[in-house]
Structures are given as structure tokens and as C-alpha cells.
Amino acid sequence: MINHFDLKVTDLAVSSHFYQQILRPLNYQPKIYTEKLVSFGDGLSTDPMGDLYLSGGIPTPFHFAFQAPSRAAVDQFYAAGLQFGGRSNGAPGLRDYHPDYYAAFLIDPDGYRIEAVCHT
């Protein structure tokens with residue numbers, strides 16, 4: 001089981017704002033906010049620090065996905081991402097992975113490929 005991810009970002013303030021906006025529809029909240037670290041959690045993790053950390057450094061982009069509570073939340077995630085500096089990597093919609101795989105894909109300001117997905 002994964003406890004957390006630590007993403008290295010070039011501008012902590014910019015990335016913190018971006019992730020705060022796109023994660024709001026997925027019920028993620030900021031947990032820790034310092035000049036060196038920002039963390040987010042959805043309330044389901046037992047770790048009080050959350051499960052997504054942002055800290056300064058050299059980004060090494062990869063793909064990761066957030067579980068969304070609904071298709072509407074996927075849509076809101078995508079819209080917020082475009083509004084707050086992300087780029088589209090696939091508009092919200094059904095995918096052929098399985099019949100109920102509804103997802104949207106973004107590229108964040110540092111090049112991370114992020115997804116929100118609902119399986120119903």
C-alpha cells in the first residue's frame with residue numbers, strides 16, 4: 001500500500017496553488033504548509049501529513065492518478081487544471097480500460113502527467 005508521494009517542483013507556491021485547486025473536487029485538503037513542504041490529504045489516510053507532498057527540487061515527471069468520488073468531480077478536476085495552469089492530456093470521458101473507467105488527464109506546471117478517475 002502506498003503511504004505518500006513526494007513531488008519535486010520548481011516553484012512551490014505555483015504548484016501548491018495548482019494542486020489545491022484541482023484536488024478540491026476530490027476532497028483533498030492542505031495538511032501542512034511550510035516554506036519547504038506542502039502536503040495534501042483526503043481524510044482517508046491514517047497519516048496526518050496526508051499522502052501527496054510537494055517540495056522544491058528538480059522535477060522527474062511520471063504519471064499518477066487520483067481516485068475521484070464521481071464523474072462530476074473528474075470534470076471539475078479537469079476544468080480547474082486548465083484554469084490554473086495545467087495543460088490537457090485527455091478531456092474527461094469514458095476510456096476503454098473497462099466499461100466504467102471515466103477519467104481526465106492533465107499535465108501540471110512541472111510536466112507531471114496526472115489523472116482523476118471514477119470507476120462508476
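Leaving aside residues within four places in sequence, V9 is in contact (heavy atoms within 4.5 Å) with S15, L54, S55, G56, G57, P59 and D110. This is a predicted model, in which local features need pLDDT of at least 70 and side-chain atom pairs count only at pLDDT 80 or more, while totals for chains, interfaces and linings use all residues. Residues are numbered from 1 along each chain as its sequence is written, and side-chain values use heavy atoms, with hydrogens and water left out.

V9 belongs to strand β1. Its relative accessible area is 0%, so V9 is buried; buried means under 20% relative accessible area, exposed over 50%, and partly exposed in between, with a 1.4 Å probe and protein chains only. The C-alpha atoms of V9 and I58 are 6.3 Å apart in space, although the two residues are 49 apart in sequence.

## Overall fold

The protein chain has 2 helices and 8 strands, in the order β-α-β-β-β-β-α-β-β-β from the N terminus. Helices (H or I, at least four residues) and strands (E, at least two) are DSSP runs, numbered from the N terminus. The radius of gyration is 14 Å, close to the 14 Å that the globule rule gives for 120 residues, so the chain is as compact as a globular protein of that length. That radius is taken over C-alpha atoms, and the rule is 2.2 Å times the number of residues to the power 0.38. The C-alpha trace spans about 40 × 30 × 20 Å along its principal axes.

Of the 120 residues, 44% count as buried. Among contacts with a separation of 6 or more, 53% come from residues 24 or more positions apart.

## Surface and charge

The accessible surface of the protein chain is about 6,300 Å², and carbon and sulfur atoms account for 55% of that area. Accessible areas come from the Shrake-Rupley method with a 1.4 Å probe; for residues, only the protein chains shown count as cover.

There are 8 positive and 12 negative side chains, and the centres of the two sets lie 2 Å apart. Lys and Arg count as positive and Asp and Glu as negative, whereas His and the chain ends are not counted. Each charge is placed at NZ of Lys, CZ of Arg, CG of Asp or CD of Glu.

## Aromatic pairs

The structure holds 9 aromatic pairs. Rings of Phe, Tyr and Trp (its six-membered ring) pair if their centres lie within 6.5 Å; planes under 30 degrees apart count as stacked, over 60 as edge-to-face and the rest as tilted. F5 and F62 form a tilted pair, with 6.2 Å between centres and 35 degrees between planes. This pair links distant parts of the chain: F5 is in strand β1 (residues 5-9), F62 is in the loop between β4 (52-56) and β5 (63-67), and 57 residues separate them. F5 is partly exposed at 30% relative accessibility, and F62 is partly exposed at 28%.

The ring centres of Y97 and Y101 are 4.6 Å apart and their planes stand at 80 degrees, so this pair is edge-to-face. Y97 is exposed, at 53% relative accessibility, whereas Y101 is buried, at 13%. One aromatic cluster is made up of F5, Y28, F62, F64, F66 and Y112.

S15 is buried at 1% relative accessibility, and S16 is buried at 1%.

With residues up to four places away in sequence left out, S15 touches V9, L54 and D110. With neighbours within four places set aside, S16 is in contact with Y33, V38, F40 and L54.

P25 is buried, at 16% relative accessibility. Apart from neighbours within four places in sequence, P25 is in contact with P69, A73, Q76 and F77. The C-alpha atoms of P25 and H119 are separated by 16 Å, and these residues lie 94 apart along the chain.

N27 is partly exposed, at 44% relative accessibility. Its phi is near 70 degrees, a positive value in a residue other than glycine. Most residues other than glycine have a negative phi.
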